[in-house]
Amino acid sequence: EYMGIVQVSLAYSTMLRTTDIPPSQTLYVNNLNDQIHINDLKPLLYELFVPHGDIIDIVAQQGQKKRGQAFVAFRDIVGATQAMRALQGFAMCGKQIRIAYAKTKSNAVAVLDGTYKPPRKDFKQKRKQAAENEGDMEIEQEQQPKQKKAQRPLGAQPMPAGGYGNRRLFVEGLPDEMPSDAVDMLFSQYPGMHEARIIEGRNVAFVEYESEQQAEVALQGLHGFLVTPEHPLKISFAKQ
């Protein structure tokens, strides 16, 4: 057992000497068993890595060229480093996994630390065609002029329009191609988030909480949040 620990430590030290990749919150994990379905792989990775720190995102894809590898993002570098030291060479489903710091920062980490930048797009490229009919109808309803102001209790601070007594938020100002998992991560920092749904091609989303009070707390905390310097979030209560 002692020799095994020494071998893993030596392998880890060698890896650090032979790479120029700086420590990162995101780990690149490969040599995974590529026969494991994506829906089973993520929970397995979460259970394996979470004892070492707070995990904010796991990215794994089923494509032929991307199978057998994943990215695990921690809230801080300490957790990522502890996980890499403890799990380097760990036998998982018949294969010894290899772990290294990722070369690039995950989208979830970038959103969390305020450095997220949407991918540059060819302006000649057509944007995706109309979003789902349900989403279009909801957006049109939200963007119609408000016929009357929402009432609020005496002494309450002014809030974005929409109305009290609603646990559903309407979010505008999302950057192009902002991934849904980044939106989930951003709003799940506030307790009670039930669902976040992006309307493709429209840079908006609907976020639902378990209670009206929880939705209000998230609204107050994230209204005006700068996802990028050019993309402040505009959040209001969705129309009922």
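Analyst: The largest cavity has a volume of about 60 Å³, where a cavity is a set of points on a 1 Å grid over the protein atoms alone at which a 1.4 Å probe fits but cannot get out, and a volume is the space filled by probe spheres set on the points, which are joined across faces, edges and corners. Please keep in mind that this is a predicted model, in which local features need pLDDT of at least 70 and side-chain atom pairs count only at pLDDT 80 or more, while totals for chains, interfaces and linings use all residues. Residues are numbered from 1 along each chain as its sequence is written, and side-chain values use heavy atoms, with hydrogens and water left out.

User: How many cavities of 30 Å³ or more does a search of the whole structure find?

Analyst: The search finds one cavity of 30 Å³ or more.

User: What kinds of residues line the largest cavity, by class?

Analyst: Its lining has four nonpolar, five polar and three charged residues, with Ala, Val, Leu, Ile, Met, Phe, Trp, Tyr, Cys and Pro counted as nonpolar, Asp, Glu, Lys and Arg as charged, and the others, Gly among them, as polar. Among the lining residues are Leu-32, Asp-34, Gln-61 and Arg-67.

User: And what is the volume of the second largest pocket?

Analyst: The second largest pocket has a volume of about 390 Å³, a pocket being an open set of points with protein on both sides within 12 Å along at least five of seven lines, and lining residues being those with an atom within 4 Å of a point. This pocket is lined by 16 residues, of which Val-59, Ala-60, Gln-61, Phe-71 and Asn-107 lie nearest its centre. Strand 3 gives the most to this lining, with three residues.

User: Changing topic, what is the strand order in the open sheet of four strands?

Analyst: The order is 8-9-7-12, with antiparallel pairing; strands (E, at least two residues) and helices (H or I, at least four residues) are DSSP runs numbered from the N terminus, and two strands pair if DSSP finds at least two bridges between them. The edge strands are strand 8 (193-199) and strand 12 (234-237), each of which pairs on one side only.

User: How many bridges does strand 9 make with strand 8, and what lies in the turn?

Analyst: Strand 8 and strand 9 pair over six bridges, and they form a hairpin with four residues between them, where Gly-201 in the turn has a positive phi of about 80°. On this side Ile-198 stands opposite Ala-205, and Val-171 also stands opposite Ala-205. Strand 7 (residues 168-172) is joined to strand 9 (residues 204-209) by five bridges.

User: Is strand 9 mostly covered or uncovered?

Analyst: Strand 9 is mostly covered, since six of its six residues are buried, meaning under 20% relative accessible area, with exposed meaning over 50% and partly exposed in between (1.4 Å probe, protein chains only). Val-204, Phe-206 and Glu-208 are on one side, and Ala-205, Val-207 and Tyr-209 are on the other.

User: Where does Pro-191 lie, and why does it count as exposed?

Analyst: Pro-191 lies in the loop between helix 6 and strand 8, and it counts as exposed because its relative accessibility is 57%. Leaving aside its neighbours within four places in sequence, Pro-191 is in contact (heavy atoms within 4.5 Å) with Tyr-209 and Gln-214.
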